[in-house]
Amino acid sequence: MKPKAIFNWSSGKDSSLALYKILKENKYEINSLLTSINKEFQRISMHGVPVSLLEKQAESLNLPLIKMELPKEPSMEEYCEIMSKTMTEIKSQGVTHSIFGDIFLADLRKYREDQLESIGMKGIFPLWKINTTNLINEFLDLDFKTIVTCVNETYLDKSFAGRVIDRDFIKDLPKNVDPCGENGEFHTFTFDGPIFENPIHFEVGEIVRKTYPKPKSDESEKDGEYAFWFCDLISKQ
């Protein structure tokens, strides 16, 4: 009998490719998808994708969806409390593993593994340490389709928001931007590919700029902010 696993689903390209590899490997029984949602706006955290499109993805993937609702700007304590409660409930269903699309952020992987270990679960990272240029090319070769829903203005300008990722997109990225956006340079929504029964239909809406306060590393620092460009996606029947 295969061990049961929860899949941490962001709706984007890395999640899609990681799920593809896990399904192809066929070592785990995927119990459900788990996605963090901004409770106030009913959108996927950081990606800005409406819940209606997330639900269509889950339907096309034929997998149950667990939506973990978070407050607008949760503290680390609030996040850990909600995550711990959610994962404890998931574990009670016989789930022993949690799968992520992380690629090379070692501190993030350690945090995830430490949190899972505290409740007796293990983390699985099918994309770990694979060259990101190779990953994005594999993603495109498999005929996945994904659109950029959010860009960090520190790295990319407004023109990148709302673009479908293709070879030209990769060529246009500045040299300091990871081709998979693993440092948070951009986020995506995958709307077609080999893991989906049907493509997800949507319209591209407006592109808006939003700012968020930077955390202070010490009291002497001046207040600052991060700026992001979000491309709204509107669900179509």
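Me: Which ring does K210 lie over, and how far is K210 from the ring centre?
Reply: K210 lies over the face of F230, at 5.7 Å from the ring centre. Keep in mind that this is a predicted model.

Me: OK. And F230 itself, buried or exposed?
Reply: F230 is at 10% relative accessibility, so F230 counts as buried; the cut-off for that is under 20%.

Me: What about F228, buried or exposed?
Reply: Buried, because F228 has 9% relative accessibility.

Me: How are the rings of F228 and F230 arranged?
Reply: Their centres are 6.3 Å apart and the planes sit at 45 degrees, so the pair is tilted.

Me: How many aromatic pairs are there?
Reply: The count comes to 11 aromatic pairs. Ring pairs also link Y20, F139 and F144 into a cluster.

Me: Back to charges over rings. Where does the charged end of R109 sit?
Reply: Over the ring of W128, with 4.9 Å to the ring's centre.

Me: Switching to helices. How do α1 and α5 cross?
Reply: Helix α1 covers residues 13-25 and helix α5 covers residues 132-141. Their axes come within 11 Å and cross at roughly 75 degrees.

Me: What do you call that arrangement of α1 and α5?
Reply: Roughly perpendicular, since the label is used for angles of 65 to 115 degrees and α1 and α5 therefore get it.

Me: Which residues meet there?
Reply: On the α1 side you have K13, S16, L17 and K21, and they meet L135, I136, E138 and F139 in α5. By class, that contact of α1 with α5 has 4 nonpolar, 1 polar and 3 charged residues. F139 is also part of the cluster with Y20 and F144.

Me: New topic: which residues of α2 are buried?
Reply: In helix α2, residues 51-61, the buried ones are V51, L53, L54, Q57, A58, S60 and L61.

Me: What follows α2?
Reply: N62 does, and its phi is positive, near 60 degrees.

Me: Last one, K85. Where is K85 found, and is K85 buried or exposed?
Reply: K85 is in helix α3, residues 76-91. At 59% relative accessibility, K85 counts as exposed, because the cut-off for exposed is over 50%.

Me: And how far apart are K85 and L70?
Reply: They are 15 residues apart in sequence and 12 Å apart in space, C-alpha to C-alpha.

Definitions and conventions. Residues are numbered from 1 along each chain as its sequence is written. This is a predicted model: local features need pLDDT of at least 70, side-chain atom pairs count only at pLDDT 80 or more; totals for chains, interfaces and linings use all residues. Side-chain values use heavy atoms; hydrogens and water are left out. Axes are lines fitted to C-alpha atoms, for helices over the stretch in contact, and angles run from 0 to 180 degrees between N-to-C directions. Helices (H or I, at least four residues) and strands (E, at least two) are DSSP runs, numbered from the N terminus. Angles under 35 degrees count as roughly parallel, over 145 as roughly antiparallel, 65 to 115 as roughly perpendicular and the rest as oblique. Contact means heavy atoms within 4.5 Å. Ala, Val, Leu, Ile, Met, Phe, Trp, Tyr, Cys and Pro count as nonpolar, Asp, Glu, Lys and Arg as charged, and the others, Gly among them, as polar. Rings of Phe, Tyr and Trp (its six-membered ring) pair if their centres lie within 6.5 Å; planes under 30 degrees apart count as stacked, over 60 as edge-to-face and the rest as tilted. Buried means under 20% relative accessible area, exposed over 50%, partly exposed in between (1.4 Å probe, protein chains only). A charge sits over a ring if NZ of Lys or CZ of Arg is within 6 Å of the ring centre and within 35 degrees of the ring normal.
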